[in-house]
Amino acid sequence: MTTQTTPSRSILKRGALLAGAATLGIGLAAGIADGALRFDHPAFAQPIQLSGVQTQLPSFADMVEKVKPAVVSVRVKQTIDAADDGQGSLDDLPPGLRRFFEQQQPPRAQRPSRPEPRQGMSQGSGFFISQDGYVVTNNHVVDKASEVQLVTDDGKTLNAKVIGTDPRTDLALLKVTEGGSFPFVQLAPAKPRIGDWVLAVGNPFGLGGTVTAGIVSAQGRDIGSGPYDDFLQIDAAVNRGNSGGPTFNQKGEVVGVNTAIFSPSGGNVGIAFAVPASTVEQVVSALKKDGTVSRGFIGVQIQPVTPEIAEAAGLKQPHGALVAAAERNGPAAKAGIKRGDTILSVDGVSIKDARELSRKIATYAPGSKVKITVWRDGKEREIGFEVGRQPAA
């Protein structure tokens, strides 16, 4: 999320996670444009010829009229940490070098004082999920917020407060501080199919309500942002400022919350990622109730089961999650799960891989009792397990 005060540093910190040797990154799609906008020639929809029948691309106009009033621009005043003094930390240097550099520094009383924290501004998107003023957006949009305002589609400015945030899924729940009745949208009860049309609505580059269309390109994407990655990939244009905005299906239901883009330049290249509605529903429910999200925790280090490992362990197929280590006094160790076990299922539901195990356990409330099936010494064993509580992020 870009700020007006230090755009380049903010973009570097939030805007790019390097992917391999290429200079491509997973960029958080929040903030305001850093330079002038460039408008190219308009594109016109062309009729498509299918088996001798001429068809026209779908119009989203009716649906836009229905859902656009529920989408808001999120303006955030935030506290920015004081700039680094350029000296860096000496703590990680070898003792000899650390003493040398300490001797070169002026006495502490003569050193310039560090600048005070300052205020910055940023923008993102969000949408009403209830008539009484609850709004969903991204955690990174409101991170370190000291003041939050919502600008509605008709230009009205509303003050809002942060009810709760969940950094692990990058979701946040806001609430309008004044009373009123607000237009809202509903979360979709089911995931869209790959190839389904979707519509993204948001506040790219601070321009205000903007609508873009595309399709669902993929499901279950892991972009390396955390253990619960399960993103929808869409090709509707999403840019900085779209973060926290909704993606709709053709029924006008929210199928995802736009969170990140994959881009070599920071702009849209047709690959964007949205948190699925099923995840949003779980997180919002917890945030509304407690202001935080409590997740189940198993307390193991896990690794994939490769074909070689499966063959050595006597498994017919390479599936499940291999326990590399069980945390001392953790939930798994207390239940008797140990290094070398392969976790095959939880409550009878097969576990495909390590990532699926993390997501599955996270769906249980701490303290829940479940049955875990492990492969040990060439045979299956069923172990009773009490789900632990995920440590704070």
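Trainee: Before we start, when does a charge count as sitting over a ring?
Mentor: The criterion is that NZ of Lys or CZ of Arg lies within 6 Å of the ring centre and within 35 degrees of the ring normal. Please keep in mind that this is a predicted model.

Trainee: Which charged end sits over the ring of Y134, 5.4 Å from its centre?
Mentor: That is the charged end of K175. The charged end of K288 also sits over the ring of Y134, at 4.5 Å from its centre.

Trainee: What is the bridge partner of Y134 in β10?
Mentor: Y134 has K175 as its bridge partner in β10. The strands concerned are β7, covering residues 134-137, and β10; they run antiparallel and are joined by four bridges.

Trainee: How many bridges join β9 to β10?
Mentor: Six bridges join them, and this pair runs antiparallel. Strand β9 spans residues 157-166.

Trainee: How many residues of β10 are buried?
Mentor: Six of its six residues, 171-176, are buried, and the strand is described as mostly covered.

Trainee: Which residues lie on each side?
Mentor: L171, L173 and K175 are on one side, while A172, L174 and V176 are on the other. Both faces are covered, and K175 is among the buried residues. As background, side chains in a regular strand alternate between the two faces of the sheet.

Trainee: Changing topic to aromatics: how many pairs are there?
Mentor: The count comes to three aromatic pairs. One of them is F128 with F182, which is stacked, with 4.9 Å centre to centre and 10° between the planes.

Trainee: Where do F128 and F182 lie?
Mentor: F128 is in strand β6, residues 118-128, and F182 is in the loop between β10 and β11 (197-202), so their pairing ties together parts that are 54 residues apart in sequence.

Trainee: What about F231 and F273?
Mentor: They form an edge-to-face aromatic pair, 6.3 Å centre to centre, with 65° between the planes. F231 lies in strand β13 (residues 231-234) and F273 in strand β16 (residues 272-276), so this pair links parts that are 42 residues apart in sequence. F231 is buried at a relative accessible area of 7%, and F273 is buried at 5% relative accessibility.

Trainee: Now a loop residue: where is G348 found?
Mentor: G348 is in the loop between β20 (342-346) and β21 (349-350). With 67% relative accessibility, G348 counts as exposed.

Trainee: How far apart are G348 and V370?
Mentor: Their C-alpha atoms are 9.5 Å apart in space, and the two residues are 22 apart in sequence.

Trainee: Last topic: what does the protein chain average in pLDDT?
Mentor: The average is 81, and 76% of the residues score at least 70.

Trainee: Where does pLDDT stay under 50?
Mentor: One such stretch is residues 1-46, for which the model has 102 contacts beyond four places in sequence. Another is residues 83-93, with 14 contacts beyond four places in sequence.

Notes: Residues are numbered from 1 along each chain as its sequence is written. This is a predicted model: local features need pLDDT of at least 70, side-chain atom pairs count only at pLDDT 80 or more; totals for chains, interfaces and linings use all residues. Side-chain values use heavy atoms; hydrogens and water are left out. Buried means under 20% relative accessible area, exposed over 50%, partly exposed in between (1.4 Å probe, protein chains only). Helices (H or I, at least four residues) and strands (E, at least two) are DSSP runs, numbered from the N terminus. Two strands pair if DSSP finds at least two bridges between them. pLDDT is the predictor's confidence in each residue, from 0 to 100. Contact means heavy atoms within 4.5 Å. Rings of Phe, Tyr and Trp (its six-membered ring) pair if their centres lie within 6.5 Å; planes under 30 degrees apart count as stacked, over 60 as edge-to-face and the rest as tilted.
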